[in-house]
Amino acid sequence: MVELLPLSNIEPQAVEDLLDAAFGSDRFGRTAYRIREGVDAVPALSFAAVEDGVLLGTIQCWPVALRAPDAADVPLVMVGPVAVRPDVQRGGHGRALMAKMLDAAEIHAEGALMMIGDPEYYGRFFGFTADATGEWDLPGPYEKRRLLARAVNGHTLPVGAGMIGPRG
């Protein structure tokens, strides 16, 4: 039986090992890592899938903000990485982690959700779109169509130009 537990219950090195297995040890050069640099994951929105004491997958969420040139920062929550051990991918673990996080986000999210992800998957199953992100920018390379967002917990999606970065 797979349990969805708070990620804070999991040994940090086990999480790092899973992320290396899912994304490679070169993952730190990705744009997503620059966005959340220097901040800690949001405990109430970060979970682990565990079966018989074995870590199968994780989801982490991060406090970030849209920094507009002439406006106040807009708090957002960056979703990801969603990581599943390669030998158990396609078993529904990532989908279960996303659903658990979205339920928690309806209560605990301090801003709308954003992510870099596959719009066909995250749009179809979880309601993320690129409709509001056209003028947003990231501190590194990315595909515009993969910059996605979703309103949650009464927080609307910010519109207009700005740079996404860690929330200070």
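Entry 1: For burial I count a residue as buried when its relative accessible area is under 20%, as exposed when it is over 50%, and as partly exposed in between. I also note at the outset that this is a predicted model. I applied the cut-off to Tyr-122, which at 13% relative accessibility counts as buried because that value is under 20%. The rings of Tyr-122 and Phe-128 have their centres 6.5 Å apart with their planes at 80°, so I recorded the pair as edge-to-face. Phe-128 is buried, as Tyr-122 is. I then looked up Tyr-121, which at 26% relative accessibility counts as partly exposed.

The structure holds seven aromatic pairs. One of them joins Tyr-121 and Tyr-122, whose ring centres are 4.9 Å apart and whose planes stand at 90°, so this pair is edge-to-face. I noted a single aromatic cluster formed by Tyr-121, Tyr-122, Phe-125, Phe-126 and Phe-128.

**Entry 2: strand E3 and its partners.** How many of the 14 residues of strand E3 are buried? I found that twelve are, so E3, which covers residues 54-67, is largely enclosed by the rest of the structure. I went through the pairings of E3 in turn. E3 runs antiparallel to E2, and five bridges join the two strands; within this pairing, Phe-47 has Ile-59 of E3 as its bridge partner. The hairpin of E2 and E3 has two residues between the strands, and in it Asp-52 takes a positive phi near 50°.

With E4, strand E3 pairs in the antiparallel sense over nine bridges, and these two strands form a hairpin with six residues between them.

**Entry 3: strand E5 and the crossover.** I turned to strand E5 (residues 112-116), where four of the five residues are buried, so this strand too is largely enclosed by the rest of the structure. The chain reaches E5 from E4 by way of helix H3 (residues 93-108), and this β-α-β crossover is right-handed. E4 (residues 74-84) and E5 pair in the parallel sense over three bridges, and Met-78 stands opposite Met-114 in E5. E5 is also paired with strand E7 (residues 147-150), in the antiparallel sense and over four bridges; there I noted Arg-150 as the bridge partner of Leu-113.

For helix H3 itself I checked the length: its 16 residues reach 22 Å from the first C-alpha to the last, close to the 22 Å expected at 1.5 Å a residue. Buried residues of H3 include Leu-97, Met-98, Met-101 and Leu-102, and I also listed Ala-104 and Ala-105 as buried.

Entry 4: I looked up Ser-46, which lies in the loop between H2 and strand E2 (47-51). At 3% relative accessibility Ser-46 counts as buried, and its side chain reaches the backbone oxygen of Val-42 at 2.9 Å. Leaving aside neighbours within four places in sequence, Ser-46 is in contact with several residues, among them Leu-5, Pro-6, Leu-7 and Ile-59. I also noted that Ser-46 and Trp-62 are 16 residues apart in sequence and 8.7 Å apart in space, C-alpha to C-alpha.

Lastly I checked Arg-27, which is found in the loop between helix H1 (12-23) and helix H2 (31-35). Although the residue is an arginine, I recorded Arg-27 as buried at 2% relative accessibility. Which residues is Arg-27 in contact with, leaving aside its neighbours within four places in sequence? I found Glu-16, Leu-19, Asp-20 and Tyr-33.

Methods: Residues numbered from 1 in each chain as written. Predicted model: local features only at pLDDT ≥ 70, side-chain atom pairs only at ≥ 80, totals over all residues. Heavy atoms only, no water. Buried < 20%, exposed > 50% of the residue type's maximum accessible area, 1.4 Å probe, protein only. Pairing = 2+ DSSP bridges. Right-handed = clockwise from strand over helix to strand, strands pointing away. Expected span 1.5 Å × (residues − 1). Phe/Tyr/Trp six-rings, centres within 6.5 Å; stacked < 30°, edge-to-face > 60°. Contact = heavy atoms within 4.5 Å. Polar contact = N/O pair within 3.5 Å; in protein donor to acceptor, adjacent residues only side chain to side chain.
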